[in-house]
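Subject: The structure and what turned up in it

Hello,

Here is the structure I promised to pass on. Please have it open while you read; my notes follow below.

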Amino acid sequence: VRCPCSNAYNARVRAFADDYRRRGVRVLAVYSSVDESARDVAEHARAQGFEGFPVLRDERLLGADHLHAGVTPQAFVLDRQGVLRYAGRIDDKREADKVTRHDLRAAVDAVLAGKEPPASTPAFGCAIPRTPAG
C-alpha cells in the first residue's frame, strides 16, 4: 500500500494481468505486510484498478515466508502443477519508460511455450516488514 517502488508498478501489473488473462494465465496480487489492514489493502486495490484479478492479504506472511519473498514488488511464476518456475523482478527498472528487460513476461512466455524460463532475477523494492511498525 505504501511502498513507492511497488506503487510504481501498479499500471504494469494491471497491463500484465490484462494481457495474460487471455492466454489462460491466472494472476494474483498478494499484499504481504503486517503493517497494512484489510481495509488499507481493499482501498488500495480498488483505487489501483485491481478488480480484474484476485487480491489477497498475506497478513501472517505465510505465503511470503513459503516463497522466500523479501521485497515488494516481487513476482513468482508457478506452472500448472504448482512448481515454482521463476522468482524475481518484474522488469529491470522502476521507471516504466526506462525498462529494457521484461523478466516476468519472458518467464511466463517460456512456461506457456513448454520451455525453461530464464533464470530468476533478484527483485528490488521495499522490504517486506516481518514485525509491526511501532
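**What was found**

With a relative accessibility of 33%, Asp-19 counts as partly exposed, a class that lies between buried (under 20% relative accessible area) and exposed (over 50%), using a 1.4 Å probe and protein chains only.

Before going on, a word on the basis. This is a predicted model, in which local features need pLDDT of at least 70 and side-chain atom pairs count only at pLDDT 80 or more, while totals for chains, interfaces and linings use all residues. Residues are numbered from 1 along each chain as its sequence is written, and side-chain values use heavy atoms, with hydrogens and water left out.

Back to Asp-19: its side chain meets that of Arg-105 in a salt bridge, at 2.9 Å from N to O. The term stands for a side-chain nitrogen of Lys or Arg within 4 Å of a carboxyl oxygen of Asp or Glu. Asp-19 sits in helix α2 (residues 10–21) and Arg-105 in helix α5 (residues 103–112), so the pair ties together parts that are 86 residues apart in sequence. Arg-105 is also partly exposed, at 24% relative accessibility. In general, side chains of opposite charge can pair when their charged atoms come close.

Arg-85 forms one with Asp-79, where the closest N and O atoms are 3.6 Å apart. Arg-85 counts as partly exposed at 22% relative accessibility, whereas Asp-79 is buried at 16%. The side chain of Arg-85 also meets that of Glu-116 in a salt bridge, at 3.6 Å from N to O. This second pair links distant parts of the chain: Arg-85 is in strand β5 (residues 84–88) and Glu-116 in the loop between α5 and β6 (126–127), 31 residues apart. Glu-116 counts as exposed, with 64% relative accessibility. Through shared partners, the salt bridges join Asp-79, Arg-85 and Glu-116 into one network.

Helix α2 also holds Arg-14, which is partly exposed at 28% relative accessibility. Which residues does Arg-14 contact, leaving aside its neighbours within four places in sequence? They are Gln-48, Gly-49, Phe-50 and Phe-53, where contact means heavy atoms within 4.5 Å. From Arg-14 to Val-25 the C-alpha atoms are 13 Å apart in space, and the two residues are 11 apart in sequence.

Now for the chain as a whole. It has 5 helices and 6 strands, which are DSSP runs numbered from the N terminus (helices: H or I, at least four residues; strands: E, at least two). From the N terminus on, the order is α-α-β-α-β-α-β-β-β-α-β. The radius of gyration is 14 Å, close to the 14 Å that the globule rule gives for 134 residues, so the chain is as compact as a globular protein of that length. That radius is taken over C-alpha atoms, and the rule is 2.2 Å times the number of residues to the power 0.38. Along the principal axes, the C-alpha atoms fill a box of roughly 45 × 30 × 25 Å.

Buried residues make up 35% of the 134. Among contacts between residues at least 6 apart in sequence, 71% join residues at least 24 apart.
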